[in-house]
Amino acid sequence: MERLRAAALPLLILGLLAAAPFIGFGAGHELTLLARAMILGMAALGLWLLVGGAGLVSLGHAALLGVGAYAVVVMDAAGITEAAIVAPSAIGAAALFALLTGAVAIRTTGVHFIMITLAFGQMGFFTAASLAVYGGDDGYTLYGRTTLGGARWLEDRLAFHYLCLGLLAATLLACRALLASRFGRVLRATRENPLRAAAVGFNPYPYRLVAYTIAGGIAGLAGALLANATEFVAPSFLAWQRSGDLLFMVILGGLGSPQGALLGALAMVLVEEWLSHLTEHWRLVFGPLLILAVLFLRGGLEGLPAQLRRRRDG
Amino acid sequence: MAEPAPILQLEGLRKRFGGLAVTDDVSLTVAARGIHAVIGPNGAGKTTLIHQISGTLAPDAGRIRFAGRDITTLPLHRRARLGLARSFQITAVLPGFSALENVALAVQSGAGSSFRFCRPAAAEARLNTAALAALAEVGLEHRAAVAAGALSHGEKRQLELAIALALQPRLLLLDEPLAGAGPEETERLIGILRRLKSAYAILLVEHDMQAVFALADRISVLSLGRVIATGTPEAIRADPEVRAAYLGEEE
């Protein structure tokens, strides 16, 4: 029963996303929006591994996303568009960036960790803005989307939709497996009580660093997809505001399980879109809405069913 | 018959906080079997000593030898891997983990690499069997599936012991295992410690004098950071200096 309940929500979400093009969300701009939500959902899943899994609150996650996106740009400028090269490069570049910055950042915890990741994120942002070859501040428009075995089928909106969905589902499954593994168990233990983990023989540092690197790789893949979705990459991809958005998605969705990140990302992107159509001053509504969500949804959106059950059962 | 080699030796350990010598030239030898208790009035430096032995605090001077090896500069997690298991004065079980998973984590640390990413750890029979055995050793196997945060205080103390045992320790470092336990829980914990002392070397820091004198094979008395006496419970009871420093204040 408990297992079924845990699987029901993600299956429902992924099922709805799979059916979306055929139940009235097949128009170009709608698919673009959904792709954006799914891609940010992937990045949020990676961030969830850090925040919900390891207890490391990072405010520099967008930089990892941006490194993935800029990997696509660098390849594009060099005339390389083959996915078999581009995707591993984006993943590898972001994972490497995470490994190097994480090696320093993970020496700290709490507020210091937030500040260091923020600082590294801003370093990435200003570096991207100064890359004149790749458009500097103005950003870089891709010549075309990444190709697969020379074929240009990512240009097809439906194909791209299902590619994003497939990778999102795979990322979710991988995160769940990772969390349940030996590695995940140590990671969760270091979150609950690092001293206890050390007292049974586990130095938190290498486990946290590996988690950070994995989250970086996931963000790199998401960044490559985002570059393809927009066919345009700008330094704003790395800006700390986007890191804040990602962190908010994770918290809004709930830290209890990885599907929370998925839920949070979808909810945030879709509500943002919906509100911006209603009124020009949508931020005035969106802000308070987020505050209310944090105040009253203790387990996040993901914990809402359980919260309602508890209330019903008194 | 020759004495077996001691498991733990402290040689001239010193630690100062500001002008205060909290550990003042402490030398101590803990035998490979049985319970060695460390007692002393509040502020004698017992907890500071435990921290230095377990590796959460570095001594200013002196050496710590464990199983014939100098571990003075090793961090906590390395000492745990060598078989130096400690329990905490303030219970530090992982509240979100089940009792079984708390212990299985400790088993895992001695059962190969933990950089394994795919297979669910909860399904590893080898880890679970050993964890259950450790829980059974402290009489907690019937609570294996309960979240550690939901256990009673006494049960958490038992769980602390099970976690330490799961490390297959060569020395158990128990920091006030009876602290905060009710009379009935204390009775149960003393029973468990009595059973354990034939199989393990235990360094016990404890406030409960009755328990210490009932359990300990040897007792060291700490006062103002110094070891003022070491001996059998009978010898300690009769020692005039100890009575003056410690026991006297209760009588």
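Author: M38(A) sits in helix α2 of chain A; helices (H or I, at least four residues) and strands (E, at least two) are DSSP runs numbered from the N terminus. The model is predicted, so local features need pLDDT of at least 70 and side-chain atom pairs pLDDT 80 or more, while totals for chains, interfaces and linings use all residues. Residues count from 1 along each chain as its sequence is written, and chains are lettered from A, ligands numbered from 1, in written order.

Is M38(A) buried or exposed? M38(A) is buried, because 27 other C-beta atoms lie within 10 Å. The cut-offs use C-beta atoms placed from the backbone: 20 or more others within 10 Å is buried, 12 or fewer exposed, in between partly exposed. Leaving out residues up to four places away in sequence, M38(A) touches L17(A), C164(A), L165(A) and L168(A). Contact means C-beta atoms, placed from the backbone, within 7 Å. L14(A) is 24 residues from M38(A) along the chain, yet their C-alpha atoms are 9.8 Å apart.

Helix α2 covers residues 28–54 of chain A and packs on α9(A) at about 175°, with the axes 9 Å apart. Axes are lines fitted to C-alpha atoms, for helices over the stretch in contact, and angles run 0 to 180 degrees between N-to-C directions. The two helices, α2(A) and α9(A), are therefore roughly antiparallel. Under 35 degrees is roughly parallel, over 145 roughly antiparallel, 65 to 115 roughly perpendicular, and the rest oblique. By class, the α2(A)–α9(A) contact has 20 nonpolar, 3 polar and 2 charged residues. Nonpolar is Ala, Val, Leu, Ile, Met, Phe, Trp, Tyr, Cys and Pro; charged is Asp, Glu, Lys and Arg; the others, Gly among them, are polar.

Helix α7 (residues 182–192) of chain A has 10 of its 11 residues buried. The buried ones are R182(A), F183(A), G184(A), R185(A), V186(A), L187(A), R188(A), A189(A), T190(A) and R191(A).

Chain B gives 24 residues to the contact and chain A gives 20. On the side of chain B that touches chain A, the elements giving two or more residues are α2 (76–81) and α3 (99–109) of chain B. By class, that side of chain B has 15 nonpolar, 5 polar and 4 charged residues.

Helix α3 (residues 61–77) and helix α4 (residues 83–105) of chain A bring their axes within 8 Å and cross at roughly 140°. That makes α3(A) oblique to α4(A). From α3(A) come L64(A), V67(A), G68(A), A71(A), V72(A) and M75(A); from α4(A) come I85(A), V86(A), S89(A), A90(A), A93(A), A94(A), F97(A) and A98(A). By class, this contact of α3(A) with α4(A) has 12 nonpolar, 2 polar and no charged residues.

Chain B has its own pair. The axes of α5(B) and helix α6 (residues 183–196) of chain B come within 10 Å and cross at roughly 15°. That makes α5(B) roughly parallel to α6(B). G154(B), R157(B), Q158(B) and L161(B) of α5(B) meet E185(B), R188(B), L189(B) and I192(B) of α6(B). By class, the α5(B)–α6(B) contact has 3 nonpolar, 2 polar and 3 charged residues.

E231(A) lies in the loop between α9 (204–230) and β2 (232–233) of chain A. Phi of E231(A) is near 55°, positive although the residue is not glycine. E231(A) is partly exposed, with 15 other C-beta atoms within 10 Å. Q168(B) lies in the loop between α5 (153–166) and β7 (171–175) of chain B. Phi of Q168(B) is near 50°, again a positive value in a residue other than glycine. Q168(B) is partly exposed, with 16 C-beta neighbours inside 10 Å.

Residues 158–179 of chain A are 100% helix and 0% strand, with end C-alpha atoms 32 Å apart. Residues 246–270 of chain A are 80% helix and 0% strand, with end C-alpha atoms 14 Å apart.

Terms used: Contact = placed C-beta atoms within 7 Å.
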